[in-house]
Amino acid sequence: MRKSKRKALLGVLIIVLLVGSIGLFMKNETNTLNSNSIKEGITKELDDNLIGAYIQQGEEYVKADTIPTSGYEFNAEESYCKIGDVVQEEMTLFYDMDTQSLTVSPIAKEGTKCYLYFDEKASAGETILASDNPPTGQTTDWTGETTYYYTGNPNNWVQFAGFFWRIIRINGNGSIRMIYQGTSANETGTGTQIGTGAFNSSSDNKTYVGLVFDGVNQHGYGTNSTIMNTLNNWYNSNLASYEAEYIDTGTGFCSDRNTASGDNYTDSSFHYAAYDRRHGGASLQCNSEDILSQDNRKLPNPIGLVTMDEAALTGIFTGNANKGSYLYTGQTYWTMSPYYFISNTATVFFVYDYSDVTKVSNKLGIRPVINLRGDVQLTGEGTSTNPFKVVGA
């Protein structure tokens, strides 16, 4: 079937097959042409072998400057060849995105002109939302866009880089935030964390509540906390090789070092803003000074921890024990949300089946959180036995 969109084939950008392609067409019943034999942007007479490339944008196809190498898939049903004005119904086309080669069968004759169509691949967020196991809650985050989050104990499993993860939410920019679950699909136990350790080596400085800090300023950065060093070492050993293609480096994490309503950072004792939300009033907004990412050079690597607010959205918060949340592992582990500085002691929230606080020099479980790029492709169903998997990783 030829769609009506093909009526718009005017001024098509021609990608020309060189290196004796006509002779190659005439010699073989099935012809494979590698993109190394393709030169862009030269218009030739219609009696030569020519290619036009079109990519999907919403409901339409538009001409492309180049044949896409990622983010699209070849649409064989839509693609076709013509000799003059006659569509060659007997010809079939296949374009291999990996090898960037076009196969035409049967014999293509001199004067054949082919039109290749490429469909947009569904983004990771689109795949998750269209699955049988989508997030059940939504709000806005600091991007100003809608973020979709999981509650309860859902099928939000991901297998990536040799580890299992649980999706926390689809961020407002389309990236996928997820928390480490271990080397197997275990739901509880020490295997759900990379180890235990202190958040910081000492608790006698109010800036020590930050993943990164400078020792003086409320929203400072430049020095890694003890737990940040642990996360960095683990990331460099296990995830760094995946970063360029699969890991989002710009979304970042919220350190949320604003003070609670009525409190002042210059006081000897004060609460941080998360204190006001400790009983379940979760917010995914963030002061721009406290958005920590690799791209804004506030984090050495794109890795962080869950926040108290993200735990609250699953039903875990102060005064509310909830073993029905997927974030419950039977272990006590760190969030990155500060609580207070009182009696010369800096404290940060932790998660068990409720959230509470402890001083930063104590040792608790460590569960890394990362953001997958929004344009990665996913397969699977999100169950523990058939988790979402990142294509190519």
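The legends below describe close-up views of a predicted model. Local features are given at pLDDT of at least 70 and side-chain atom pairs at pLDDT 80 or more, while totals for chains, interfaces and linings use all residues. Residues are numbered from 1 along each chain as its sequence is written, and side-chain values use heavy atoms, leaving out hydrogens and water.

**View 1. The largest nonpolar core has 61 residues.** A nonpolar core is a set of buried Ala, Val, Leu, Ile, Met, Phe, Trp, Tyr and Cys residues joined through side-chain atoms within 4.5 Å. Buried means under 20% relative accessible area, exposed over 50%, and partly exposed in between, with a 1.4 Å probe and protein chains only. Phe 160, Trp 165, Leu 239 and Leu 305 have the most contacts inside this core. Beyond its neighbours within four places in sequence, Phe 160 is in contact (heavy atoms within 4.5 Å) with residues including Trp 165, Met 178, Leu 239, Tyr 242 and Val 390. Another core lies apart from this one and has 17 residues, among them Ile 67, Phe 74, Cys 114 and Phe 118.

**View 2. Cys 81 and Cys 114 are joined by a disulfide.** A disulfide is a covalent bond between the sulfur atoms of two cysteines; here the term is applied to a pair of cysteine sulfur atoms within 2.5 Å. The S to S distance between Cys 81 and Cys 114 is 2.0 Å. The torsion about their S-S bond is about 95°, so the disulfide is right-handed. Cys 81 lies in strand β7 (residues 80-83) and Cys 114 in strand β11 (residues 112-120), so the link ties together parts 33 residues apart in sequence. Strands (E, at least two residues) are DSSP runs, numbered from the N terminus. Cys 81 is buried at 1% relative accessible area, and Cys 114 is buried at 3%.

**View 3. A disulfide links Cys 254 to Cys 286.** Their sulfur atoms are 2.1 Å apart. Cys 254 belongs to strand β20 (residues 253-254), whereas Cys 286 is in the loop between β21 (270-271) and β22 (291-292), so the pair ties together parts 32 residues apart in sequence. The link is right-handed, with 90° about the S-S bond. Cys 254 is buried, with a relative accessible area of 8%, and Cys 286 is buried with 15%. A search of the whole structure finds two disulfides.

**View 4. A hairpin joins β24 to β25 through three residues.** Strand β24 (residues 345-351) pairs with strand β25 (residues 355-359) in the antiparallel sense over five bridges. Two strands pair if DSSP finds at least two bridges between them. Phe 350 stands opposite Asp 356 in β25.

How values were computed. Helices (H or I, at least four residues) and strands (E, at least two) are DSSP runs, numbered from the N terminus.
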